[in-house]
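Student: I would like to learn how to read the packing of helices and the pairing of aromatic rings in a model. Could you take me through an example?

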Amino acid sequence: MVSDKKNLLPSSSRKLNSPRAKETTPLLDNTKPLSSHPKTLANVFIAIVGAGVLGMPYAFKRTGWIMGLLILSFIAASTTYCMTLLVQIRRKLDSYENGTTNISSFGDLGFAVCGTLGRFVVDVLITLSQAGFCIGYLIFIANTLLHLFHDEPSSDLSLSSGMSRFTVKSLYLWGCFPFQLGLNSIKTLTHLAPLSIFADVVDIGAMGVVMLEDLRLIIRRRREVKAFGGVSVFFYGMGVALFGYEGIAMVLPIESEMKDNAKFNKILALSMGLTTLMYGAFGALGYFAFGDKTKDIITSNLGTGWISSLVQLGLCINLFFTFPLMMNPVYEIVERRFSGGRYCLWLRWLLVLIVSLVALFVPNFADFLSLVGSSVCCCLGFILPGLFHLLAFKDEQGCKGCSLDIGIMIFGVVLAISGTWFSLMEILSAKE
């Protein structure tokens, strides 16, 4: 139920609502152990870094390495600022109710500021973004296995004709399908926790191996690279960068679990800075090593040696087991809305089927990153934080603050429309 705040809040905040205690929200953890500064730094890093980094070298190839670094830096700074806006809103609401608002997720915040509609919009966008990440995982797995076991382009021939046209790549996708049904049938994240740790270790290890290989190739041979691309690829690069900073939905849960959360903004800025340095180095080294031959998934550029094969297989296994972890927020939202919050096996299997079908129709990994980043991640990262902050602080921050919030929203809308359009054009042109 929505509590009456007329006697608690000033006029600028009377329209803000407390979240419903009976609703579980995506990415909400009921247990809240307090985290130290180093653990919080690590939590932010893990929440942000994902498979999107593997498409950075290809994005640098499209945008040019200097433009790519500038885009990364700008998106990192802008995303960090918008994350702090969410923290500001939650702290304001907590101050009015002595810390009893229980806002621990993006969905809670959406409900507190905009009511049921706010929660619904956040739920839809988180569902699309998480499903989009998993679609990217399946594309990566299929493309990588195709590269490892079928080097010849002719191997990607259709095995039958007509409406039931299957390719070798699609067979790899469908081969994963029954195993994903089993993994995604697990009710609780507790049993999946070891898989999360394994995924993080493999990610960092694989990136280290790839960067060392890049350095070896750069020392051996310098390739011709470009510094700047055209205007059209600017929006493409923005979309890929936004996909790379995918952790905005986890900011409030992480901040609420920090022991000394007064210093959270500094920890957040430090973690985002380190992540940006890593993304920039990974993207630039990959592009410098392979030049115009840089592929949409950088691991496809690696040789055929056993180390390269182990790295690629390790990443495939990593993303295979990360899939149910990333889909869990989607299951929480869908089961809350369609099965009364109860576990529903057929809903989970239906969602896995839908994600797998979408992955079949997307040919390029990096192009899909740009599409998800430009559309869904842009709304979560810019438009909603600006809107929620404007509604919560409109009578307190003056014209300058309101103008900044409106500017963030306009920037998000322009980027979403332009980036989505250019990304769709890239995907459609790749199919022709």
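Tutor: What follows is a conversation about helix packing and aromatic rings in this structure.

Tutor: This is a predicted model, in which local features need pLDDT of at least 70 and side-chain atom pairs count only at pLDDT 80 or more, whereas totals for chains, interfaces and linings use all residues. Residues are numbered from 1 along each chain as its sequence is written, and side-chain values use heavy atoms, with hydrogens and water left out.

Student: At what angle do helix 1 and helix 9 pack?

Tutor: Helices here are DSSP runs of H or I with at least four residues, and strands are E runs of at least two, numbered from the N terminus. Axes are lines fitted to C-alpha atoms, for helices over the stretch in contact, and angles run from 0 to 180 degrees between N-to-C directions. Helix 1 (residues 37-48) packs against helix 9 (residues 264-290) at about 45°, their axes being 9 Å apart. That makes helix 1 oblique to helix 9, given that angles under 35 degrees count as roughly parallel, over 145 as roughly antiparallel, 65 to 115 as roughly perpendicular and the rest as oblique.

Student: Which residues of helix 1 meet helix 9?

Tutor: Contact means heavy atoms within 4.5 Å. On the helix 1 side the residues are His-37, Thr-40, Leu-41, Val-44, Phe-45 and Ile-48, and their partners in helix 9 include Phe-264, Leu-268 and Met-272. An α-helix has 3.6 residues a turn, so residues three or four places apart point the same way.

Student: How does helix 3 pack against helix 9?

Tutor: Helix 3 (residues 65-96) meets helix 9 at an angle of about 160°, with the axes 10 Å apart, and the two are therefore roughly antiparallel to each other.

Student: What span should helix 9 have, and what follows it?

Tutor: The expected span of a helix is 1.5 Å times one less than its number of residues. The 27 residues of helix 9 should therefore span 39 Å, and its end C-alpha atoms are 39 Å apart, which agrees. After helix 9 comes Gly-291, with a positive phi near 60°.

Student: How many aromatic pairs does the structure hold?

Tutor: A pair of aromatic rings is described by the distance of the centres and the angle of the planes. Rings of Phe, Tyr and Trp (its six-membered ring) pair if their centres lie within 6.5 Å, and planes under 30 degrees apart count as stacked, over 60 as edge-to-face and the rest as tilted. The structure holds 11 such pairs. One of them, Phe-235 with Phe-422, is stacked, at 5.7 Å centre to centre and 10° between the planes. This pair links distant parts of the chain, with Phe-235 in helix 7 (residues 231-244) and Phe-422 in helix 13 (residues 398-431), 187 residues apart.
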